[in-house]
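Colleague: Could you walk me through this model, one feature at a time? I'd like to learn how to read each of them.

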Amino acid sequence: MSFRFIPIPIAALAFAGSLFAAPAEKPEVNITVEGETRVIQSNGLPDHRPGRFPNAHNPNEIAPQDHKFRVTTKPVAAEQPTPAKHAIFGVGLNGVPFDPGTAEFWDGDPAWNYEAGTGFMDLGLDSSHAHVQPNGAYHYHAMPNGLIEKQGGDDGKKMVLVGWAADGFPIYSAFGLTDPQNAASPLKKLKSSYRLKKEKREGGPGGKPDGTFTADFGFVPEAGDLDECNGRFSVTPEFPEGTYAYHLTEEFPFVPRLWRGTPDPSFEKRGGPGGGPGGPGRPGGGPGGPGRPPRGGRPPGPGFPPPPPR
């Protein structure tokens, strides 16, 4: 299979919610460590100004949640990745979930999942690439600009920890070390190794892959800086001896779609497609209307290589 690379800069996309409306209640988050478990509890309200919800492309109003996530403080890399599918990938330091998948499919076919981060379908995302699920849960689909700003901003002078993945490994913004094993090496904006496929889509909507669908992308080993899970082993300010670390990127997959380790069950959505820890449901809007039940799916790509020595 061959691929071509076409950058899709998120900064150039037009997002709904340009007017801001802060929720009436204040954000609450509490992160504690109990033994070998990090516990993140929050009401899910962002610590930055969200876009205006409801809006023309997202009919849902932000409402406080009862999130409680648990992640191990001693994560272990697995030989094969675990696809997140429609589970919550991770949680920000502000208690807002990273939930990149969508519930919108072409003609109801789960093989053709519309991609939120590329902007081909307007799902009412705000300037932090977030919107609201039918139950009021605010969640990020791509680069959480407001959260990053609250953590000191992405100026390329430091690595910015933004959250924790469900398997316990840290999530950083796009900047990482040029040499991941040398803390003194300069930082650079890391690039994903996913690329648009060149071949015409087989079945479904047909046509040429352009980023409308998650399946338009494929993983090309070493095409960028990151692996299939959008991460790599690296020393970081929080882990000077090294750790596996995920990175958010300005290109697909934006937020990782596969876990390097074993996810904690607290990130699964309770009651099937419509709920989750504290009740995250699926995004509103898109084909089928608000609250359309999700269907399965996973990012394309070849098998995952064995983990390097730690």
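**Prolines, sheet, core and buried side chains**

Modeller: Let's begin at Pro 253, which is found in the loop between β17 (243–247) and β18 (258–259). Strands here are DSSP runs of E with at least two residues, helices are runs of H or I with at least four, and both are numbered from the N terminus. This is a predicted model, where local features need pLDDT of at least 70 and side-chain atom pairs count only at pLDDT 80 or more, while totals for chains, interfaces and linings use all residues. Residues are numbered from 1 along each chain as its sequence is written, and side-chain values use heavy atoms, with hydrogens and water left out.

Colleague: Which residue does a cis peptide bond join to Pro 253?

Modeller: Most residues other than glycine have a negative phi, and most peptide bonds are trans. Here Phe 252 is joined to Pro 253 by a cis bond, with omega about 15°. Another cis bond runs from Phe 53 to Pro 54, with omega near 0°. Pro 54 sits in the loop between β3 and β4.

Colleague: And phi: where does His 129 lie, with its positive value of about 55°?

Modeller: His 129 is in the loop between β7 and β8, and it has that positive phi although it is not a glycine. At 4% relative accessibility His 129 is buried; the cut-offs are under 20% relative accessible area for buried, over 50% for exposed and partly exposed in between, with a 1.4 Å probe and protein chains only. Asn 230 is another non-glycine with a positive phi, near 60°, and its place is the loop between β15 and β16 (231–234). Asn 230 counts as buried too, at 0%.

Colleague: Now the sheet. In what order do the 3 strands of the open sheet come?

Modeller: Two strands pair if DSSP finds at least two bridges between them. The order is β2-β3-β4, with antiparallel pairing. β2 (29–34) and β4 (67–72) are the edge strands with a single partner each, so one side of each has no neighbour in the sheet. From one strand to the next the twist averages 15°, using axes fitted as lines to C-alpha atoms (for helices, over the stretch in contact) and angles from 0 to 180 degrees between N-to-C directions.

Colleague: How many bridges link β3 and β4?

Modeller: Strand β3 (residues 37–42) and β4 pair over 6 bridges. Arg 38 has Val 71 of β4 as its bridge partner, and Gln 41 faces Lys 68 in β4. Strand β3 is largely enclosed by the rest of the structure, because 5 of its 6 residues are buried.

Colleague: What about the core? Which residues have the most contacts inside the largest one?

Modeller: In soluble globular proteins, nonpolar side chains tend to be buried together. A nonpolar core is a set of buried Ala, Val, Leu, Ile, Met, Phe, Trp, Tyr and Cys residues joined through side-chain atoms within 4.5 Å. The largest has 52 residues, and those with the most contacts inside it are Phe 89, Phe 98, Tyr 138, Val 162, Ile 171, Tyr 246 and Trp 259. Strand β10 (residues 161–165) gives the most to this core, 4 residues. A second, separate core has 6 residues, including Tyr 114 and Phe 213.
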